[in-house]
Amino acid sequence: LERELAQAIAREELVLHYQPVVEARSGRLHGCEVLVRWQHPQRGLLLPESFIGVAEESGLVRELGAWALDNACAQVARWSDNGLEIGRVAVNVSAIQLKDHRFIETLESSLRRHGVRAQQLELELTEGSLMSDDETTQRIVGVLRRLGVALVIDDFGTGYSSLSYIMRLRPGKLKIDRSFVG
């Protein structure tokens, strides 16, 4: 699966789907969340559960994440070129990707190449990826904040977050883990 996934990234077998984020009361579009899928030549459309674990274990999540981020920026640019302002586009970022020394450079390059403003993006980071209170995480979060990229903590409540740590990170949103919601 690891070898196939590496080939899938190179052959552009991955596709992005955009799940709308809609305000419940008004029905107004607030943005969307990027969902990656693998259009496997033999197995059909694969959901992330079937390949993200392998991507993280093998380190391919860096390439997959960079691809997803760049393609999401390209789509935002196409929407803007067509007069569509859809709000912020949320892209998931893995802990491995976040700690990659090239992450900020990759992000800035995608924004520049496609003419997308940092404020048009939200990066969704799992609680676990942010909980390591190390210097690298803090530095990267600081750079993202200075760039104007919104931060969202996904799956909140699955780890051991303290409220003081959350207050220090000041995410734009917390997405509560579904285990807390009936």
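This is a predicted model: local features need pLDDT of at least 70, side-chain atom pairs count only at pLDDT 80 or more; totals for chains, interfaces and linings use all residues.
Visitor: Let us start with the strands. How many bridges join β1 to β2, and do the strands run parallel or antiparallel?

Guide: Nine bridges join them, and the two run antiparallel. Strand β1 covers residues 14–22, and β2 covers residues 29–40. To see the pairing, pick one residue and look across. Val 21 stands opposite Gly 31 in β2.

Visitor: What do β1 and β2 form, and which turn residue has a positive phi?

Guide: They form a hairpin, with six residues between the strands. Gly 27, in the turn, has a positive phi of about 80°.

Visitor: Now a helix. How many residues has α7, and what span does it reach?

Guide: Helix α7 runs through residues 135–147, which makes 13 residues. From first C-alpha to last it reaches 18 Å, close to the 18 Å expected at 1.5 Å a residue. Just after α7 comes Gly 148, with a positive phi of about 100°.

Visitor: Which residues of α7 are buried?

Guide: Thr 137, Ile 140, Val 141, Gly 142, Val 143 and Leu 144. Beyond its neighbours within four places in sequence, Leu 144 is in contact with Leu 98, Phe 103, Ile 104, Leu 107, Leu 123, Val 149 and Leu 151.

Visitor: How many residues has the largest nonpolar core, and which have the most contacts inside it?

Guide: This core has 43 residues. Those with the most contacts inside it are Leu 5, Leu 14, Val 89, Phe 103, Leu 121, Leu 123 and Leu 144. At least two residues each come from α1, β1, β2, α3, β4, α5, β5 and α7. Helix α3 gives the most, with 10 residues.

Visitor: What does Gln 97 contact, leaving aside neighbours within four places in sequence?

Guide: Val 61, Gly 65, Ala 66, Asn 92 and Phe 103. Look closely at Gly 65. The backbone oxygen of Gly 65 lies 3.4 Å from a polar atom of the Gln 97 side chain.

Visitor: Last, the cysteines. How many disulfides does the structure hold?

Guide: First the idea. A disulfide is a covalent bond between the sulfur atoms of two cysteines. This structure holds zero disulfides.

Visitor: Are Cys 32 and Cys 73 buried or exposed?

Guide: Cys 32 is buried, at 5% relative accessible area. Cys 73 is buried too, with 0% relative accessibility.

Notes. Residues are numbered from 1 along each chain as its sequence is written. Side-chain values use heavy atoms; hydrogens and water are left out. Helices (H or I, at least four residues) and strands (E, at least two) are DSSP runs, numbered from the N terminus. The expected span of a helix is 1.5 Å times one less than its number of residues. Buried means under 20% relative accessible area, exposed over 50%, partly exposed in between (1.4 Å probe, protein chains only). A disulfide is a pair of cysteine sulfur atoms within 2.5 Å. Two strands pair if DSSP finds at least two bridges between them. A nonpolar core is a set of buried Ala, Val, Leu, Ile, Met, Phe, Trp, Tyr and Cys residues joined through side-chain atoms within 4.5 Å. Contact means heavy atoms within 4.5 Å. A polar contact is a pair of N or O atoms within 3.5 Å; within protein, one must be able to donate a hydrogen and the other to accept it, and residues adjacent in sequence count only if both atoms are side-chain atoms.
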